[in-house]
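Here is a short report on charged residues. Look at the structure first, then read on.

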Amino acid sequence: MKRYLCSIIIGMVVILSIGTYYVKVASSASSLPKYTFKTLEGSDKELDPVIINASLQNGSNFYEPLTIESNTTTYESEKSYLENLTGRQNQQIETLVKEHRSFMRGKDSISSLYEDDDFLAYAWVNSDGEMEAKFDIGLLEKKDEEETSFQIELPNQGRILNADVRDVQLVRSKLQVLTMNDVNSNNEKQTKEVHLYTIDVANKKVLSDKTLVSETFTDPDQVDFEMPIDVAPSQPNNMVFISLIKGVNHEDGFEEKLKESKLLSYNYETEKLETVKKESLSLDMARAGFADGKNLYAVEMKSGKYRIKTFDLSSQTLTSDTELDIAANKEEQYTAAFKNGRVYFLLNGMNQEGLLTYKPAKLLISDIKTGKTLYKGETVINKKNSKSFELYIDDLEIK
């Protein structure tokens, strides 16, 4: 009886402790400012799919992550224990986990996933630090929920220091995995490569290892590869852009060799790697651009306004050039997202060095093709003492 009584007392103490903790958390969160968007133009229904991840800070004394979703502020301390345990997840990853929980277990890299109407595929390079690098491969047939998963050795793994998966596609029933690799040159030289691995999932083997680009250099020379921001990374995509950046590291910083840098395109269907003509699309626009598999959207500041240039990826031609109804500010950072024919454009009240200018964050939602404003608003706060806090916006997601 004493044993049971002791267990009951311990249980009550635990329950009271947890209850006290959440009461304190709720009380603390209720004292923090709530941020919402005041509608200046258009319909506030356009805000429904908008998710803004940010943090509230007060110097070095206070830091609290928050999310503004469907125009409602939620602090991390207000979320459940399980929600905080999983941490902040990419919205697309979160959706896939809800729809295919078993298959998605342990998979949290959106660039390693591919999804169409029939299949969900996954490819990741798993290394144990002893040069025994392997592919983790997974394929889910949606119709019958049949899963295939296996590991397979990375070809020529002895020369690879690191392999970063950047894109996964399913082409003619074969998995195409694009990686950026750091290669062991066995001397003072460094080598970086872009590889395309073709994997036969049915027979669980690598059919080919194709080196698309290989660049060897010696310090202080530097080579790097960049890709535009993929706004639909798990969706089918026939073409990718790769920026080849060459330069020199000086004591006062990096100096790019513009004449040697170039923009490359690779077509999965035709298997062609081509150099994009600079008059079609500039390097700067491509690097700062947003791709969705069909188009690349580049943001340009011109004549005091922001413009969205839309390039068709297959023809590499400019299909639209629209002006946004929002004043350009060279001192202010912007975050953009593209989905469902809309551009979501957020001026976040911070300058290029990340310092707050204490201005409300401004959100504009426009039709990409016409530039028509569908929504315009700015943040307002419900606390008088909110000026002592600083709102730092991390990223913008669209459901």
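Glutamate 271 has a relative accessible area of 44%, so it counts as partly exposed. The model is predicted. Glutamate 271 forms a salt bridge with arginine 172, and their closest N and O atoms are 3.4 Å apart. This pair links distant parts of the chain, 99 residues apart. Glutamate 271 sits in the loop between β17 (262-267) and β18 (272-275), and arginine 172 in the loop between β9 (160-171) and β10 (174-183). Arginine 172 is exposed, at 51% relative accessibility.

The structure holds 18 salt bridges. Another one joins arginine 342 to glutamate 46, with the closest N and O atoms 2.9 Å apart. Arginine 342 lies in strand β24 (residues 342-347) and glutamate 46 in the loop between β1 (35-42) and β2 (50-58), so the pair ties together parts 296 residues apart in sequence. Arginine 342 is partly exposed at 24% relative accessibility. Glutamate 46 is buried, because its relative accessible area is 15%, under the 20% cut-off.

## A network

Aspartate 321 forms a salt bridge with arginine 307; the closest N and O atoms are 3.0 Å apart. Aspartate 321 is in strand β22 (residues 317-327) and arginine 307 in strand β21, so the pair ties together parts 14 residues apart in sequence. Salt bridges link Glu300, Arg307, Lys309, Asp321 and Glu323 in a network.

Strand β21 (residues 305-312) also holds aspartate 312. Beyond its neighbours within four places in sequence, aspartate 312 is in contact with Lys294, Asn295, Thr317 and Thr319.

## A negative patch

Asp117, Asp118, Glu141, Asp144, Glu145, Glu146 and Glu147 form a negative surface patch. Glutamate 146 lies in strand β8 (residues 146-153).

Key. Residues numbered from 1 in each chain as written. Predicted model: local features only at pLDDT ≥ 70, side-chain atom pairs only at ≥ 80, totals over all residues. Heavy atoms only, no water. Patch = residues over 30% accessible without salt bridge, like charges linked within 9 Å, V, L, I, M, F, W, Y side chains within 5 Å. Areas by Shrake-Rupley, 256 points an atom, 1.4 Å probe, with all protein chains shown as cover. Salt bridge = Lys/Arg side-chain N within 4 Å of Asp/Glu carboxyl O. Lys, Arg positive; Asp, Glu negative; His and termini not counted. Charge placed at Lys NZ, Arg CZ, Asp CG, Glu CD. Helix = DSSP H or I, 4+ residues; strand = E, 2+ residues; numbered from the N terminus. Contact = heavy atoms within 4.5 Å. Buried < 20%, exposed > 50% of the residue type's maximum accessible area, 1.4 Å probe, protein only.
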